[in-house]
Amino acid sequence: MGFLCSLTFSIQFLLFFSSSLFTNCFTLNDSTTTHHHECHQHESNALLSFKKTLIISKSASYNPFSYPKTLSWVPATDCCSWDGIQCDELTGHVIGIDLGSSQLYGSMDANSTLFSLVHLQSLDLSDNDFNHSQIPAKIGIFWLKLRDLSKNLIQRLKRTADAVGF
């Protein structure tokens, strides 16, 4: 009987010890992971306003694998989870937009809400039809680390970017 009692106590101790270790591991992991911030409301609103100025047209993109990325852009959802949007994990600011081959058609001008995203570091608008938009070079997107405006019907902006050497 003493052996059985001792065995039961040992098993209980092992179970308690292992469950305590298990809990501590998860607590440690939670404290060391980076916190994901959600998209800022004004940036989400700017993206949704930009989306409203365009329509989806399959003929706007040449790529046979193109698809409308902006369909995932739904109000009341975190814009960091939207297709084509990249956010900074620490601040939640929109830092990248990839709308390449998104079947976007419409006009874009210097007042586009897209240009109010001041933390933007990369922008890909390639393979869409912006209807020969006349965008002044002074909009200040040359500070972007990466931008792709190829295969677009944007006149002045592309010409100016090529002249500057981008």
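Trainee: Is Asn 128 buried or exposed?
Mentor: This is a predicted model, and in it Asn 128 has 2% relative accessibility. The cut-off for buried is under 20% relative accessible area. Because 2% falls under that limit, Asn 128 counts as buried.

Trainee: Which residues have a backbone nitrogen that lies 3.2 Å or 3.1 Å from a polar atom of the Asn 128 side chain?
Mentor: Follow the side chain of Asn 128 to its polar atoms. At 3.2 Å from one of these polar atoms you'll find the backbone nitrogen of Ser 102. At 3.1 Å from a polar atom of that side chain is the backbone nitrogen of Gln 103. That gives you Ser 102 and Gln 103.

Trainee: What is the phi of Gln 103, and what of Ser 101?
Mentor: Most residues other than glycine have a negative phi. Ser 101 and Gln 103 aren't glycines, yet each has a positive phi. Both are found in the loop between S3 and S4. For Gln 103 the value is about 60°, and for Ser 101 it is about 50°.

Trainee: Are Ser 101 and Gln 103 buried or exposed?
Mentor: Ser 101 has a relative accessible area of 13%, and Gln 103 has 6%. The limit is 20%, so Ser 101 and Gln 103 are buried.

Trainee: How many disulfides are there?
Mentor: Start with Cys 39 and Cys 79, whose sulfur atoms are 1.8 Å apart. Then take Cys 80 and Cys 87, with sulfur atoms 2.2 Å apart. A pair has to be within 2.5 Å, and the count comes to two.

Trainee: Is the disulfide of Cys 39 and Cys 79 right-handed or left-handed?
Mentor: Both of these cysteines are buried. The torsion about their S-S bond is about 75°, so the disulfide is right-handed.

Trainee: How many residues apart in sequence are the parts that this pair ties together?
Mentor: Cys 39 lies in the loop between helix H1 and helix H2. Cys 79 lies in the loop between strand S1 and strand S2, so the parts tied together are apart by 40 residues.

Trainee: What about Cys 80 and Cys 87: is that link right-handed or left-handed?
Mentor: These two are buried as well. The angle about their S-S bond is -95°, and the link is left-handed.

Trainee: Which element gives the largest share of the largest nonpolar core?
Mentor: That core has 23 residues, and Leu 47, Val 94, Ile 97 and Leu 114 touch the most other members. H2, S2 and S3 each supply at least two of its residues. The largest share is four residues, and it comes from H2.

Trainee: Where is confidence lowest in the protein?
Mentor: The mean pLDDT of the protein is 74, with 59% of its residues at 70 or more. Where pLDDT is low, the predicted coordinates should not be read in detail. S2 has the highest mean, at 98, while the lowest, 42, is in H1.

Methods: Residues numbered from 1 in each chain as written. Predicted model: local features only at pLDDT ≥ 70, side-chain atom pairs only at ≥ 80, totals over all residues. Heavy atoms only, no water. Buried < 20%, exposed > 50% of the residue type's maximum accessible area, 1.4 Å probe, protein only. Polar contact = N/O pair within 3.5 Å; in protein donor to acceptor, adjacent residues only side chain to side chain. Core = buried A, V, L, I, M, F, W, Y, C linked by side-chain atoms within 4.5 Å. pLDDT = per-residue confidence, 0-100.
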